[in-house]
Amino acid sequence: MATALKRDDFQCSDTEWQARVKLAACYRIFDMMGWSESIYNHISLKVPGEEAFLINPFGLLYDEVCASNLVKIDSQGNNLDGSPYPVNKAGFTQHAYFHEKLDWAHAICHVHTTATMAVCSTEEGLTATSFYAAGFKDQIGYHDFEGVTVREEEGERLVENLKHHRVLMLRNHGPVVLGRTIEEMFVTMWSLQRACEIQIATKAAGTPLTIPQDVVDVHQRDLSVMQQQGGGGMFDFGAWMRRAERIDPSFKE
């Protein structure tokens, strides 16, 4: 396990510390879900009240991430908390541009799960052939593959292709999921993963049934009401955070 500090030894506001604990828990949850990719990929969270965000230390596995070893940087990549860890350039470039240009994008993840990458690598992308996928119909942007995302000038095209959506499928690559809160981002990612898993299984089983647009419209309307009752993913994330704490509470260090 990577070296971690106790709360009393770490200098930051209580608000930032709470954000750190929540983000560290998210890394552990992603790892539990099987959504991690060795030391790669990224989840970032804006520091409340600051023009800065937290991201994983490059070189650590997701189950080594804890509140005190998250790296605090600004949109120019400046290390703001004296962390000894580097930041993956692909993670910084992509996430920094979204955080800087979109005032609502406070929580962002990028993953390489098998199911989401497979769907990103098909011509049709995600199709409205299941309960979960119907919720994403016309709610996803697509961005053509340009190679590893390390060039700042690609950021403008990423935002342009995202449009007003909260999911950007990087073709031949993997999705970027954005949210106003870490809870909203998490439940969107969970639903997207399920939609992609089911689409792959459905295609293997036979000819997919496409849900008519009028039914999709009703489905999305009713989902929005249910999501409000669920607190925008608050209940979902809270439940998984409790499980992460039961398994290994070291993410809070």
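Student: Where does Gln11 sit?
Tutor: Gln11 is in the segment before helix H1 (14–33). Helices (H or I, at least four residues) and strands (E, at least two) are DSSP runs, numbered from the N terminus. Bear in mind that this is a predicted model: local features need pLDDT of at least 70, side-chain atom pairs count only at pLDDT 80 or more, and totals for chains, interfaces and linings use all residues. Residues are numbered from 1 along each chain as its sequence is written, and side-chain values use heavy atoms, with hydrogens and water left out.

Student: Is Gln11 buried or exposed?
Tutor: Exposed, because its relative accessible area is 71%. The cut-offs: buried is under 20% relative accessible area, exposed is over 50%, and partly exposed is in between (1.4 Å probe, protein chains only).

Student: How far apart are Gln11 and Arg28?
Tutor: 23 Å in space, C-alpha to C-alpha. In sequence they are 17 residues apart.

Student: Switching to backbone. What's the phi of Ser38?
Tutor: Positive, about 55 degrees, although Ser38 is not a glycine. Ser38 lies in the loop between H1 and strand S1 (42–46). Ser38 counts as partly exposed, at 46% relative accessibility.

Student: And Asn41, which loop is that in?
Tutor: Asn41 is in the loop between H1 and S1. Asn41 has a positive phi of about 70 degrees and is not a glycine. Asn41 is buried, with a relative accessible area of 2%.

Student: On to strands. Which way do the side chains of S6 point?
Tutor: Val167 and Met169 point one way from strand S6 (residues 167–170), and Leu168 and Leu170 the other way. All are buried.

Student: Do S5 and S6 run parallel or antiparallel?
Tutor: Parallel, with three bridges joining strand S5 (residues 141–143) to S6. Two strands pair if DSSP finds at least two bridges between them. Tyr142 has Met169 as its bridge partner in S6.

Student: What about S6 and strand S7?
Tutor: S6 and S7 (residues 174–179) pair in the antiparallel sense over four bridges. Met169 has Pro175 as its bridge partner in S7.

Student: How many residues separate S6 and S7 in the hairpin?
Tutor: Three residues lie between them. Asn172, in the turn, has a positive phi of about 65 degrees.

Student: Electrostatics next. How many salt bridges?
Tutor: The count comes to 15. The rule is a side-chain nitrogen of Lys or Arg within 4 Å of a carboxyl oxygen of Asp or Glu. Side chains of opposite charge can pair when their charged atoms come close.

Student: What's the N to O distance for Glu50 and Lys72?
Tutor: 2.8 Å, in a salt bridge between their side chains. The pair links distant parts of the chain, 22 residues apart. Glu50 is in the loop between S1 and strand S2 (53–55), and Lys72 is in strand S3 (residues 71–73). Glu50 is partly exposed at 28% relative accessibility, while Lys72 is buried at 10%.

Student: And which residue does Glu184 meet?
Tutor: Arg166, in a salt bridge at 3.5 Å, N to O. Here too the pair links distant parts of the chain: Glu184 in helix H6 (residues 182–205), Arg166 in the loop between helix H5 (154–162) and S6, 18 residues apart. Glu184 is buried at 11%, and Arg166 is partly exposed at 30%.

Student: Last topic. How many cavities of 30 Å³ or more turn up?
Tutor: One, from a search of the whole structure. A cavity is a set of points on a 1 Å grid over the protein atoms alone where a 1.4 Å probe fits but cannot get out; lining residues have an atom within 4 Å of a point. Grid points are joined across faces, edges and corners, and a volume is the space filled by probe spheres set on the points. The largest cavity holds about 30 Å³ of space.

Student: What lines it?
Tutor: The lining of the largest cavity is His143, Asp144, Phe145, Glu146, Gly147, Thr149, Glu154, Leu170 and His173.

Definitions and conventions:
1 Å grid on protein atoms, 1.4 Å probe; cavity = no way out; pocket = protein on both sides within 12 Å on 5 of 7 lines; lining within 4 Å.
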